[in-house]
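Please open the structure in a viewer and keep the sequence at hand.

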There are 2 protein chains.
Amino acid sequence: MSTSNLDAVFNPRSIAIVGVSTKAGPSQLGGNGYLDAMMRCGFKGQLYPVNPRGGEMRGLTVYPSVRDIPGPVDYVISSIPAAGALQLTNDCAAKGVKAIHFFTSGFSELGQPEGIQLEKDVLAVARQYGIRVIGPNCMGVYCPGSGISFLADLCNESGPVGAICQSGGNAIYVAREAARRGVRFSKVVSYGNASDVNETDLMEYMADDPDTRIIMAYIEGVKDGFRFKKALERAARRKPVIMLKVGTSESGARAAASHTGSLAGADKVWEGLLHQVNAVRVHTIEEWIDMAVTFSFFKKPMGRKVALLGLGGGATVLAGDEANNEGLEIPGFPEEMRRRTAGLLGSEAGTIINNPMDLSAQAWAVGYYPVLKVFSEYRDIDFSIVHFSVGLIARPPELHEEIWDKLVDDVVRGYRDFGKPVVVVIQMVTFPEHYDWLVHAREKCYRAGIPVYNSIRHAARSTIRFERYSRRNRELAARNG
Amino acid sequence: MSTSNLDAVFNPRSIAIVGVSTKAGPSQLGGNGYLDAMMRCGFKGQLYPVNPRGGEMRGLTVYPSVRDIPGPVDYVISSIPAAGALQLTNDCAAKGVKAIHFFTSGFSELGQPEGIQLEKDVLAVARQYGIRVIGPNCMGVYCPGSGISFLADLCNESGPVGAICQSGGNAIYVAREAARRGVRFSKVVSYGNASDVNETDLMEYMADDPDTRIIMAYIEGVKDGFRFKKALERAARRKPVIMLKVGTSESGARAAASHTGSLAGADKVWEGLLHQVNAVRVHTIEEWIDMAVTFSFFKKPMGRKVALLGLGGGATVLAGDEANNEGLEIPGFPEEMRRRTAGLLGSEAGTIINNPMDLSAQAWAVGYYPVLKVFSEYRDIDFSIVHFSVGLIARPPELHEEIWDKLVDDVVRGYRDFGKPVVVVIQMVTFPEHYDWLVHAREKCYRAGIPVYNSIRHAARSTIRFERYSRRNRELAARNG
């Protein structure tokens, strides 16, 4: 089986959505939510809503059953109660459907004999007719290149990141939040109970998928350790794999067992395996997204020597500590470079003309552009971190934006003109107005090719992981000839 | 010297603000900013704006010089350029002023002979006339009980936390951000170059201050290690001291030296000292605020056994891992308790009826109130963490608020009715609308006596630090008889 027919999931000619309601409001969870999501995401093929009562919605005919649909149906999304799943599978078999996604829960994850049996029965029919099953108990597929989405609010642009994410909630979060940091997806798959399509199938598929350059994986447990190990090894040889392995604690494993019926496996085994294949291991969902950002924006290996630039003495001291504690090198600037920078600013009060650097009040007059120019000409610096501590400036928030906007624009111009890698950190958000600004500033940066992180710590940790990954990758490549 | 005349800083009968502008717009940094801040904070004494050109502003007479002010002046805030500082100090001496705060920078922190000499000269005059000096190069004092503030947007309510914070930017941030998490301050002091009033004076003052129950300290370096150690020991015996010691890395120390001319000191020495006196050491500004939240809301010692409750299977698995990895205990619930909870919910699909617990879709119908009731009757649980992962729900943000609001209200009611400690975590914020909601939800919680954190990790780390502090405090008390 493995990856056969999975293409029908990502590139179907037509989709039937079973369990819509002609009466419910917009964006209701379930069938209507999927229908709206596909329409908003621009699905080009045929869309067939299905409800026993028939009727019409969103300008489309509602069919009483999958069997009643006139044209061929490649892919079916089911949001009807679990009790109807077996009948639906039989209908799909009769119709020649290639893949079914069961959004509905109420199967093996309950830990009751009935649910376990039902899941088995559905799978038996599916296997007999060569139908692939996604789920049950999951969000399914987001594949913007094909116009497939599980939520109407997701980004329509596609990109190089493929995410394997057992959990539906986390798949939603990553699709939204990573997109707001400039990550674009080839596909995100939430596969829930993994009755058929599982982490190994998806890892194999992503490894071969020409649209996927970076693989993210959130794994609660694996069905077949030996096969997964082989798939992971193969994938990691070809592309960066960012792994959030959860259920590693006793209580996390307990939750994973009830959530998707997964056996989490010993943490030490995972640690060893991930190190061996040079997959990047992360421990929180924020770090997981951080690494997707990092691999999306940094395409060439990069060292650990950083110049830190920001506004505010206290923030600068903290930045120096945090970057250093994570393992970055922050070389002091030589006399000549300090003189050049001081010359730009006038050697006025309140500035820290060294590394880390604080321009304080002079930042507003001089801007970051000429400073980044000085940095770019200094060979002992691999990249810069520019941090925006928007909560510590002594002005009310309504006066912030013009100042911060100018500095962000300077960073964008500086990166464009000088080409040396720059990382932006936006932290210390306090007012809702700050958060609005953060969302817009992030977008400005990532559209210009600059990655943005939420703290110095996260930026430092991510660039170090990237450096370590790249170095080890070269070593492994050399060793394997 | 030590704490003499410091009362004039926190409880002045009158304040002169030197360096206002009758022409500048509202909330300009500097003199006008201070004037507006005092008026907004409700300072009850006399306010005297000072500018050589005289005139009138905000309904107040502007005096050409401190000497021209008719009544007595206790406290002077200077935002004139450093060059005028010595003349001003002489004027203050003639007027019988008790304390001056120099907001202006341009003194010893520049590392140039002129600035160092100027700071010495000012101090010599001040010492001769018994005037205390705050700064230079700092934000000065926020003391809402006396109507003193360094920013017009700070909270007017006072409370039990005293913060010693060398850095002005970080003082601003902590005053704003901690307030939005329910922390109320007796006073916050940013003391910059510490030419006169320094960390030791303030530590001694806070230790004795009846309005201060909890001490926060952000320290770049200390002037007199021996005296500081004694002051810290004494303070920590009386009250919790939360210490953010920065400049502990080479680059952080370099920044601290330029920022406030501080020598940071060896990290190991600090580590030993802080452990010895049972001060709570933190490493980031967020952790610093977290502990102020924790000590503000938890007044009795508390154990490590927690019940985790939230929405979303993936979020629940991650919560279990993170709480466990930080060191909390998450005991599995006994059969009887699981049956009771399942009875509340119906044993429907998608819920995790154990610890950690996920109510999934049923949460909206059943709510958290009855679940917290079950938790409250279970002795093997010391407290609960209820987490709101607002970014992972499959509804567009405009439909979120009613759901989340109901659940927050349930937590508030549950805490009020059952009395067992509850901690709220609001994480996975993605949309600006989420952030707005977060700010309001936090306020609802802290007004009801419930602390709020930004992640499971931070909540767990904070409660563990609190437990460790309380335990060690009892041991030390027992040992010292």
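**Stops along the backbone**

Begin by selecting Arg58(A), which counts as partly exposed because it has 14 C-beta neighbours inside 10 Å. A residue is called buried if 20 or more other C-beta atoms lie within 10 Å of its own, exposed if 12 or fewer, and partly exposed in between, with C-beta atoms placed from the backbone. This is a predicted model, in which local features need pLDDT of at least 70 and side-chain atom pairs count only at pLDDT 80 or more, while totals for chains, interfaces and linings use all residues. Residues are numbered from 1 along each chain as its sequence is written, and chains are lettered from A and ligands numbered from 1 in the order in which they are written.

Remain at Arg58(A): it sits in the loop between strand 3 (55–57) and strand 4 (60–62) of chain A. Helices (H or I, at least four residues) and strands (E, at least two) are DSSP runs, numbered from the N terminus. The phi of Arg58(A) is positive, near 50 degrees, although the residue is not glycine.

Next, select Ala194(A), in the loop between strand 10 (185–190) and helix 6 (199–208) of chain A. Is Ala194(A) buried or exposed? Ala194(A) is buried, with 26 other C-beta atoms within 10 Å. Its phi is about 55 degrees, a positive value in a residue that is not a glycine.

Now turn to chain B and select Pro136(B), in the loop between strand 7 (132–134) and strand 8 (140–142). The peptide bond leading from Gly135(B) to Pro136(B) is cis, its omega being near 0 degrees.

Finally, select Pro356(B), in the loop between helix 12 (335–345) and strand 15 (357–358) of chain B. Asn355(B) and Pro356(B) are joined by a cis peptide bond, with omega about 0 degrees.
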